[in-house]
Amino acid sequence: MKRVSWQTRFGFYLAAIGSACGLGNLWRFPFVAGENGGGAFVLLYLLFAFIIGLPILIAELMIGRKFRKSVFAATIELSKHSSYPLHWVGRVAVVFTLIILAYYAVISGWVLHFLTQFIASGFSQRASPSPLQHLIQNGWLQVGLASVHLLVAVVVVVKGVQDGLEKWIGYMMPLFAVLLVILVLNSLSLDSSAPALRFLLYPNFSQLTYSSMLNAIGHVFFTLSVGFGTMVTFGSYLSDKNHIPSAGVRVAAVDSFISILAGLLIFPIVLAGTALRLSDPYLLFEALPRFLLQMPGGIAFAITFFLCLYIAALGASIGLLEVIVSNMIDRQKMDRKIAAWLAGVSALVLAVIPALSSTVFENIRIGGRGVLETLDGVLINWVLPLVALGLCLSFTYGMSEKDKEDLFVDPEKIESVSLYPYWKFAIRWLVPGAITVAFALEITGLILG
Ligand code: TRP
């Protein structure tokens, strides 16, 4: 079967950036940075994005382009060429991609809730219970919203790569970027912007803990959509004309830029308002609606912004679903439609657990954290780096040196020639080394309490 390619180079960027930029940037980055004390963590995050995340991003795209397969089938190919028993990596990655999709659908459902509340104009900060409390107190509402979200994603993915992915995200992304910049300018005009900038940009290294390194690495993988082989699928649709490392740099740069904008937007608002816990997963949803509504043209602004945020979440979800579906098509020779529905329904079943975290499972606390936060921590800080490590080793030992060089070096791009040894060093030593050190520090912290 001939594999489809992106119709345009632009199509690839839309899908890859659409997958990378999402709730990870707007929703997760601010509260993880808050939890880890601000500036020093932000610095760590930016550093790791480029020295750890980017090399893997490039490697994943290469695996996809080389084998023209998704991660499951591609890691089996890789394992044929190496003596390490790493054929399981792809399978594990796909299973966890489904779990991430389920978790992601719940948070996307929260966005949908605020969007519909704004549209219905029933949104008022004084309403009792507030829209956020309503959501927290209503687990089955969260299940309902997640199912609507998954339904939309399934419908888009059933239509196929070009029709589904390329069109959707393209129109909204530039609009979103413009809105974000306008909002950041507004938020920086608040009196609290000075302490917010200090918090976000001044690196106070004494704030770092034993967990910070693993938190930074986990978040880098999450926000760049790497580690579970998502970018392998996108790379498999990439045409031969694209220069992979350049594509990787662009995706990583845009993604980091959006995260920094999100930080600049959220922290002045948070520090201006009532005392919010900076590490609270509800941070974005506590802070932003209040701020949006008190701007001139508030409700229209709020609707547009949450619509863009929703489309960003949808772009990432479509990417996740597409990965699962293309793996099922590659391995099980399944029909696209059946695969998409099957994956969507499975994700919905799994989504019930995080969705009911604040109601039915309210009393389940693990180390002081609820079900949703525990799932987030385990999935993103533990499983994602471990699978990424497996993928990195599969790549290092399974792909021939000649293939690596051919895919990286473009003689017309002089910087690709000079950067090649650094990238090879990063992927062989730096990435596995950093992940190992991060785990060692985390475990040390756990032992020392
Ligand atoms: N990167 C997305 C975000 O920041 C989330 C995401 C999409 C993801 N695909 C992924 C995370 C694959 C891990 C693995 O919102």
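1. Helix 4 and its neighbours. The buried residues of helix 4 pack against helix 3, helix 5 (89–119), helix 11 (230–236), helix 14 and helix 16 (371–398). Contact here means heavy atoms within 4.5 Å. Helices are DSSP runs (H or I, at least four residues), numbered from the N terminus. Helix 4 itself spans residues 71–80, and eight of its ten residues are buried. They are Val71, Phe72, Ala73, Ala74, Thr75, Glu77, Leu78 and Ser79. Buried means under 20% relative accessible area, exposed over 50%, and partly exposed in between (1.4 Å probe, protein chains only).

2. Basis of the model. This is a predicted model: local features need pLDDT of at least 70, side-chain atom pairs count only at pLDDT 80 or more, and totals for chains, interfaces and linings use all residues. Residues are numbered from 1 along each chain as its sequence is written, and side-chain values use heavy atoms, with hydrogens and water left out.

3. The core. The largest nonpolar core has 157 residues. Helix 14 (residues 298–332) gives the most to this core, with 19 residues. A nonpolar core is a set of buried Ala, Val, Leu, Ile, Met, Phe, Trp, Tyr and Cys residues joined through side-chain atoms within 4.5 Å. Which residues have the most contacts inside it? They are Phe221, Leu265, Phe305 and Phe306. Leaving aside residues up to four places away in sequence, Phe221 touches Ile52, Gly53, Ile56, Val226, Leu384, Pro385, Ala388 and Ile435.

4. The structure holds twelve salt bridges. Each is a side-chain nitrogen of Lys or Arg within 4 Å of a carboxyl oxygen of Asp or Glu. One of them joins aspartate 403 and lysine 66, with the closest N and O atoms 3.3 Å apart. Aspartate 403 lies in helix 17 (residues 401–408) and lysine 66 in helix 3 (residues 39–67), so the pair ties together parts that are 337 residues apart in sequence. Aspartate 403 is buried, at 19% relative accessible area. Lysine 66 is partly exposed, at 37%.

5. Lysine 404 and glutamate 401 meet through their side chains in a salt bridge (3.1 Å, N to O). Both lie in helix 17, three residues apart, about one turn of the helix. Is lysine 404 buried or exposed? Lysine 404 is buried, with a relative accessible area of 2%, while glutamate 401 is partly exposed at 33%. Lysine 402 forms a salt bridge with aspartate 406, the closest N and O atoms being 2.6 Å apart. These two are four residues apart in helix 17, about one helical turn. Lysine 402 is exposed at 58%, and aspartate 406 is partly exposed at 46%. Salt bridges that share partners also join Glu401, Lys404, Lys424 and Arg428 into one network.

6. The ligand site. Residues around the ligand (a heavy atom within 4 Å) include Ser19, Gly24, Asn25, Tyr104, Phe222, Thr223 and Leu320. Polar contacts are pairs of N or O atoms within 3.5 Å; within protein, one must be able to donate a hydrogen and the other to accept it, and residues adjacent in sequence count only if both atoms are side-chain atoms. A backbone N or O atom of serine 19 lies 3.2 Å from a ligand nitrogen atom. For glycine 24, a backbone N or O atom is 2.8 Å from a ligand oxygen atom. Tyrosine 104 places a polar side-chain atom 2.5 Å from an oxygen atom of the ligand. Taken alone the ligand exposes 360 Å², and the protein buries 100% of that. Areas come from the Shrake-Rupley method with a 1.4 Å probe; for residues, only the protein chains shown count as cover.
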